[in-house]
Each structure stands twice: as structure tokens, then as C-alpha cells.
Amino acid sequence: QTIVIATKNPGKAREFESVFAAEGIQIKTLLDYPELPNIDETGSTFEENARLKADQIAAILHLPVLADDSGLMVDELGGRPGIYSARFSGDHNDAGNNAKLLYELTGVPAEKRTATFHTTLVFAKPDRPDEDLVVEGNVKGQILGIPRGDNGFGYDPLFYVPELDATMAQLTVEQKNKISHRAKAIENLEDKWKEWIKD
Ligand code: ITT
Ligand code: NA
């Protein structure tokens, strides 16, 4: 069985690979299908954007597809960047996005730098968009003033998890997969997806 993850983000791909390898399931990502059209994320929620990615790719490939729409909500910024996390700095560029985040939080003390990482996953069956499975996961942390760690991707070097005394970028992929927003969303799928990919 193959599941296609409707992502072009290599950091997400690595995390899903690790989760599904433990289940004996191969994954493909959009990096394996460079000929596919770009899916515009025109929704106004994580769920709408994940559905757009999952339903459109499932319809084209006629395969079960899992899409991930994620983002960072910073309390002091009124929940921004939220669904705009990938293009916070105007450009899909991790370094620029992190610089913008640090700039916007200039002078904000540690105890007010609380934030939540969110993932919505949509699992779509080809040609049956009304049977999509939808799950969510969240993790709370704090935005540091100086990046730490070289693992992970995106905002990971700035996202400090107090319980582990580490940023997400100081964790191995296995460690991140025990506590992350993405991992919690996958846990919330429980075993439903196993039944679901069979029929
Ligand atoms: P796909 O749409 O192709 O999956 P993307 O990077 O555009 O890739 P999103 O639309 O979900 O993904 O944008 C979410 C952004 O939020 C992403 O670019 C990262 O910068 C950030 N992000 C999401 N999950 C993250 C994580 O686990 N660690 C750090 N940053 C994360
Ligand atoms: Na995206």
C-alpha cells in the first residue's frame, strides 16, 4: 500500500516517512510527482487548505492522499502568522520568516512569547470527497529570541518546548514525532486510516 502525502515540504515529508515506516507503509510525496499542478491555498482555515490539497491531488492521482496544513499561532501577535505561516515574510523562505517573527517580537519578554503549533490533516479517498477524515493536533511552546538547533524545518529553531528544555530543532525526527502538533494529529487518526486505506 502506498499513501501519497500532498506536500512539497521536505521537512514534513521526513516526519511522515518516519511515522509510516514504523507501520511498514511506504509514502510518496509531491516531490515524487513534479509534473502535478500547484494547488493554490485559497482557503480561510487550515482545514479548507488541507482539503484543497488532499481532494485535488486524490482526484488527479486516483490514490488515497493525506494533506497537512500547519502553522504557528503567536499569542502576542493575535494568533498570527496562522494560516499565513509559510509566507509570513512575503516569500516561502524559512530564514526570512524566522527573521520577521523575531522582529515582530522585539522587546517582548519571555513570559509573553507563548505560541501554539497547529496541524490539520485531511485524508482523502479518490472520488469520495465527502468521506474525508479530518484530525488536528496542537503543541504549546515559547518563541525564543535566538535560534537553537539545526534539525527540523521552518520555525523549529525558535520554538522552545519547556517540558523538554529544547527547541523543536534540537530534537531528532523520532523525538519530534513523539510530541509535535503533527504527531498529535496523526495520533488522533488512531487506527481509522488503516481501515480507510483498505476499502
Ligand atoms: P505544503 O503545503 O506543500 O505541505 P508548506 O510548507 O507550504 O508545504 P503549509 O502550507 O502547511 O506547508 O505552511 C506551514 C508553514 O508553517 C511551513 O512552511 C513552516 O514554515 C511552518 N511549519 C509547519 N509545520 C512546522 C513544523 O513542524 N516545524 C516548524 N515549522 C512548521
Ligand atoms: Na503550502
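What radius of gyration would a compact globule with 199 residues have, and what value does the protein have? The model is predicted, with local features requiring pLDDT of at least 70 and side-chain atom pairs counting only at pLDDT 80 or more, while totals for chains, interfaces and linings use all residues. Residues are numbered from 1 along each chain as its sequence is written, and side-chain values use heavy atoms, with hydrogens and water left out.

A compact globule of 199 residues would have a radius of gyration near 16 Å, and the 17 Å of the protein agrees with this; the radius is taken over C-alpha atoms, and the globule rule is 2.2 Å times the number of residues to the power 0.38. The C-alpha trace spans about 55 × 30 × 25 Å along its principal axes. Of the 199 residues, 49% are buried (under 20% relative accessible area, 1.4 Å probe, protein chains only).

Six helices and seven strands make up the secondary structure, where helices (H or I, at least four residues) and strands (E, at least two) are DSSP runs numbered from the N terminus. Their order from the N terminus is β-α-β-α-β-α-β-β-β-β-α-α-α.

Two aromatic pairs are present, defined by ring centres of Phe, Tyr or Trp (its six-membered ring) within 6.5 Å. Phe16 and Phe20 form a stacked pair, with 6.5 Å centre to centre and 20° between the planes; stacked denotes planes under 30 degrees apart. Phe16 and Phe20 are separated by about one helical turn because they lie four residues apart in helix H1 (residues 10-21). Both Phe16 and Phe20 are buried.

Conventions. Chains are lettered from A and ligands numbered from 1 in the order in which they are written. Buried means under 20% relative accessible area, exposed over 50%, partly exposed in between (1.4 Å probe, protein chains only). Rings of Phe, Tyr and Trp (its six-membered ring) pair if their centres lie within 6.5 Å; planes under 30 degrees apart count as stacked, over 60 as edge-to-face and the rest as tilted.
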